[in-house]
Amino acid sequence: MKKFINHVDDFLAESLSGFAAAHQDLVTLHFDPNFVCRAQKSVQKVALISGGGSGHEPLHTGYIGHGMLDAACPGHVFTSPTPDQMLAAAEAVESGKGILFIVKNYAGDVMNFEMAAEMLPYEHATVLISDDVAVVNSTYTTGRRGVAGTLIVEKVVGSFAETGADLATCKVLGDKVNSRTASMGVALTSCTVPAAGRPTFDINETELEMGVGIHGEPGRRREAMRSVDEIVADLVAAIWHDLQPVAGSKILLLINGFGATPLMELYVIYNAAAKLLQQHGLIISRSLVGNYITALDMAGASITVCLLDDEILQYWDAPVHTPALRWGK
Amino acid sequence: MNTEFILKAAQAVNAAILTHEAEIESLDREIGDGDHFINIKRGSAVVIGLQDELAGLTPDVVLQRIGMKLLSTIGGASGPLIASFFIAMAKSVKEHGGETLTEIAVAFTAGVDAIKSRGKADIGEKTMLDVLIPVAGKFTALAGQGADFASLLQALKQEASLGMQSTKVMIASKGRAAQLGERVIGHIDPGAKSSQVMITAVCDLALSLKQVRSLI
């Protein structure tokens, strides 16, 4: 394992400290329990809190700021955070209109957020993200996994919450975005969890893992490496089968890198996916290409399609100012 | 079940899991993701570290503190499950008492039920519940029949062992092992094994105390 790590035990704390120092105009870091929140607390709005295992940066801490999250709770690498983190984060950011938890559907995340919710002294609701169409049940979850669609939910609901919308309508919008979003990923290499020190799975030079999860957990099948056009066609077909879009639908197309795939390749994937979706009559109204929900040093990418409507489009376009996503302000 | 017994039980559990380290780790490498032993060791060590702070508190408060500490220490999926067990036991002891065998059986069952509902799992899914559910059932039945102390504890040890062995032929539908399908047949579930080890350690401790009164 060759990584920029002083000591495995200090990895998370040093990374969080660096992140907070680099973005001190936007975020404040708290240790014991660990959480990151906006540098300036917002007033009279639903507070959005997310969290999960670390190793998916910029998710979630990179999405703290105007138009997205109020706080995020980072766990150890690929390990769910604990309820005391969520309670401390809630205490710091609650501003009179309740707490909305945004939780990716993994057993550990779901249970820890559930226990936090039960102990929370504020009005609260939870949006569960389950956009991965690759597998119904996976290593870490019962039901579909939450992957890159999380970014879209955090952005759309985050901007909606800035308008002063109440907790119940924020949750309704979050559930709607989740139900209209589908993703699927593919890996060319494994990732290496620092504490483990070796690759999570074995995969050779001539293979790919179709439907891989964001922790390097298995997907649909192991296949021989093929052309980008062929790989993209399979990913798009799975997403299409799930969303069943009608011709003329407006979509947001997100090509997300897993950490070790260059942008140049991500744009090749975008090129293939966009052509295919347009051929099938969809209108690509918005697009995003980059490393937004990563899996440490895994090479690979995912395709996410969100079926837009006027409401989702309005809040996707609204100004956002976070360390990892910024426009319109 | 007084505070002194709970703290002694924590020591006994810690010693027992360290004794079975290699066995539990090897089972988890075969069908898990290799972190089960690290997680229970971390949890067990943090409870040992609480001993001074807990001595002198009432049993329900001790169980609650242990649960909350485990909840903020272990993380992942196993943290909330194990923490739920202690928090539910604490509530039961507070509301229904924890002195007679019947009351302790009620508290233990409340803990097991909390794991079932938190994990949305039941018997037959190749998890710790394949040990915990039969043990809770046996405990309740024997306590209700007024069984003597020593034979009750021996029966619980036997039930834990049978439950642990029963996971060998099962296919997993929860947890990491669920991904492996039929490949897990022939392997004992590591969570069932660690549960059996812990229950056995607590029963042996209680048996060694000889007099029932020193337990309650």
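Which hand, left or right, does the crossing of H6(B) and H7(B) have? The crossing is right-handed, a term used when the near helix is turned clockwise from the far one by less than a right angle.

This is a predicted model, in which local features need pLDDT of at least 70 and side-chain atom pairs count only at pLDDT 80 or more, while totals for chains, interfaces and linings use all residues. Residues are numbered from 1 along each chain as its sequence is written, with chains lettered from A and ligands numbered from 1 in the order in which they are written.

**View 1. Helices H6 and H7 of chain B cross.** Helices (H or I, at least four residues) and strands (E, at least two) are DSSP runs, numbered from the N terminus. Here H6(B), residues 78-96, meets H7(B), residues 101-119: their axes come within 7 Å and cross at roughly 145°. Axes are lines fitted to C-alpha atoms, for helices over the stretch in contact, and angles run from 0 to 180 degrees between N-to-C directions. Among the residues making the contact are Leu81(B), Phe85(B) and Met89(B) of H6(B), together with Val106(B), Ala110(B) and Ile115(B) of H7(B); two residues are in contact if their C-beta atoms, placed from the backbone, lie within 7 Å.

**View 2. A closer look at H6(B) and the residue after it.** H6(B) has 19 residues and reaches 27 Å from first C-alpha to last, close to the 27 Å expected at 1.5 Å a residue (1.5 Å times one less than the number of residues). Because 15 of its 19 residues are buried, H6(B) is largely enclosed by the rest of the structure; buried means that 20 or more other C-beta atoms, placed from the backbone, lie within 10 Å of a residue's own. Gly97(B) follows the helix, with a positive phi near 85°.

**View 3. An open sheet of 6 strands in chain A.** Follow the strands in the order E1-E2-E4-E3-E5-E6, with mixed pairing; two strands pair if DSSP finds at least two bridges between them. E1 (27-30) and E6 (124-129) stand at the edges with a single partner strand each, so one side of each has no neighbour in the sheet. Neighbouring strands are turned by 20° against each other on average, direction ignored. Helix H2(A), residues 83-93, packs on this sheet, and its direction makes about 150° with that of E3(A).

**View 4. Strands E7, E8 and E9 of chain A.** E8(A) pairs in the antiparallel sense with E7(A) over 2 bridges and with E9(A) over 4 bridges. Look for Glu209(A): this residue is the bridge partner of Ala187(A) and stands opposite Arg222(A).

Key. Buried ≥ 20, exposed ≤ 12 C-beta atoms within 10 Å, placed from the backbone.
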